[in-house]
Structure formats: C-alpha cells, structure tokens
Amino acid sequence: MRSYQLEGFTWITQLWENGLSGILADEMGLGKTVMTIAFLAHLWSKGVRGPFIIVAPLSTLQNWKNEFSRYANYFSAFCLQYFIILVVMPETVLLLLQMDT
C-alpha cells in the first residue's frame with residue numbers, strides 16, 4: 001500500500017478500535033477499495049466476522065470483486081445484477097450495494 005493508503009487504513013482502524021464509525025471518501029483512484037479490503041482483513045484477523053455493508057457506485061463493483069480476489073481471496077465475492085456483489089464469509093454476508101445517483 002502507498003503511504004496515503006496506509007494513513008487511511010490506520011485512520012479507519014483507529015476509529016473502529018475506539019468504537020467510532022467513519023467514511024473513507026476522497027477522489028476516485030486513490031485506493032479506497034484496497035484500504036477497505038485491508039481493514040476487513042484486519043477485522044477478520046481479530047475474529048470480527050461482520051456483518052458489514054459497503055456502499056459503492058455500480059460502475060466500481062466489478063473492480064471490488066476483482067480486488068477481493070486479488071488481496072483477500074479467503075472472502076468469496078459474487079456478482080449479481082443490480083445488488084452486484086455479495087461477499088460471503090462463514091456465518092456472515094457482506095453486501096456491496098449500488099448507490100443511485
């Protein structure tokens with residue numbers, strides 16, 4: 001990960017560790033997908049199995065599936081029409097939903 005991605009990952013992790021919530025939001029192409037997958041992998045390593053929800057534009061959902069396969073292939077990602085990606089973990093379902101504009 002790049003330094004700014006590590007900074008985003010650290011920020012969202014610290015929020016979670018302090019019982020707070022947050023949103024990763026910045027310009028397109030700065031690695032929110034990778035930061036989020038790293039965060040979910042971190043939670044997985046801590047025994048946290050969800051449920052989680054990620055809201056993303058429809059145009060990015062195939063990329064989410066590809067990035068899960070690339071960086072965290074122990075999550076199973078499935079593409080469906082409209083509600084595009086389900087990431088199934090043991091006893092948990094992660095839904096990646098379309099955000100209408």
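The legends below describe several views of one predicted model, starting with the whole chain and then turning to its helices and its core. Residues are numbered from 1 along each chain as its sequence is written, and side-chain values use heavy atoms, with hydrogens and water left out. Because the model is predicted, local features need pLDDT of at least 70 and side-chain atom pairs count only at pLDDT 80 or more, while totals for chains, interfaces and linings use all residues.

**View 1. The protein chain has 3 helices and 4 strands.** Helices (H or I, at least four residues) and strands (E, at least two) are DSSP runs, numbered from the N terminus. Along the sequence, these elements follow the pattern α-α-β-α-β-β-β. Of the 101 residues of the protein chain, 38% count as buried, where buried means under 20% relative accessible area, exposed over 50%, and partly exposed in between (1.4 Å probe, protein chains only).

View 2. The buried residues of H1 are Gln5, Gly8, Phe9, Ile12, Thr13 and Leu15.

**View 3. Gln5 lies in helix H1 (residues 3-17).** Gln5 counts as buried because its relative accessibility is 10%. Not counting residues up to four places away in sequence, Gln5 touches Leu30, Gly31 and Met35, where contact means heavy atoms within 4.5 Å. Although Gln5 and Gly31 are 26 residues apart in sequence, they are 6.4 Å apart in space, C-alpha to C-alpha.

**View 4. The largest nonpolar core has 13 residues.** Such a core is a set of buried Ala, Val, Leu, Ile, Met, Phe, Trp, Tyr and Cys residues joined through side-chain atoms within 4.5 Å. Ile37, Phe39, Leu40, Trp64, Phe68, Ala72 and Phe75 touch the most other members. H1, helix H2 (32-45) and H3 each supply at least two residues of this core, and the largest share, 5 residues, comes from H2.
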